[in-house]
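Have the viewer open and follow along pair by pair.

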Amino acid sequence: MAVLHLDTWKVDIYDSARPMDYFSKYLTGGEFKSFGDSIISELDAIEYWNDFPVGHKDKAKVEFIDVVDAPQQEYSLDRGDCGVFVCMFMEMTISGVPVKIFTARKDAGFLYRHKMTNIIWDTI
């Protein structure tokens, strides 16, 4: 999950599969630079820059931060917890709660998946 802070131009990257070392691969492979350029272009499309002095956009440099203490899933390609962890991280972030897990890693994905199921079925 990526969280953009417009005031600092920093993007916090929460990677629940740290052993795969995606952050380093994307940093050296140029994917983050491309992503940063896309962010600036998208802000252009919604006329974000219109409220700032001329040249402000030229000073924008997006920096990517590897959040090293992001909770880790029990990583397995066939497990399917990645999306569950992204949803969990998003809920914590928008709620202003630190992105931490206080249960065993192997249980965290299951427990949050159960919580999402209850929310979906209780509101339909």
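## Salt bridges in the model

Glu63 and Lys10 form a salt bridge, with 4.0 Å between the closest N and O atoms. This pair links distant parts of the chain, since Glu63 belongs to strand β3 (residues 63–66) and Lys10 to strand β2 (residues 10–13), 53 residues apart. Bear in mind that this is a predicted model. Searching the whole structure turns up three salt bridges.

**Between the strands**
- Glu63 has a relative accessible area of 39%, so it counts as partly exposed.

**Within helix α2**
- Lys33 pairs with Asp37 in a salt bridge whose closest N and O atoms are 3.0 Å apart.
- Both residues sit in helix α2 (residues 31–45), and their spacing of four residues is about one turn of the helix.
- Lys33 is exposed, at a relative accessible area of 56%, whereas Asp37 is partly exposed at 37%.

**Between helices α2 and α3**
- A salt bridge also joins the side chains of Asp44 and Lys57, at 2.8 Å from N to O.
- Here too the pair links distant parts of the chain: Asp44 is in helix α2 and Lys57 is in helix α3 (residues 56–59), 13 residues apart.
- Asp44 is partly exposed, with 38% relative accessibility.
- Lys57 is likewise partly exposed, with 30% relative accessibility.

Methods
Residues numbered from 1 in each chain as written. Predicted model: local features only at pLDDT ≥ 70, side-chain atom pairs only at ≥ 80, totals over all residues. Heavy atoms only, no water. Helix = DSSP H or I, 4+ residues; strand = E, 2+ residues; numbered from the N terminus. Buried < 20%, exposed > 50% of the residue type's maximum accessible area, 1.4 Å probe, protein only.
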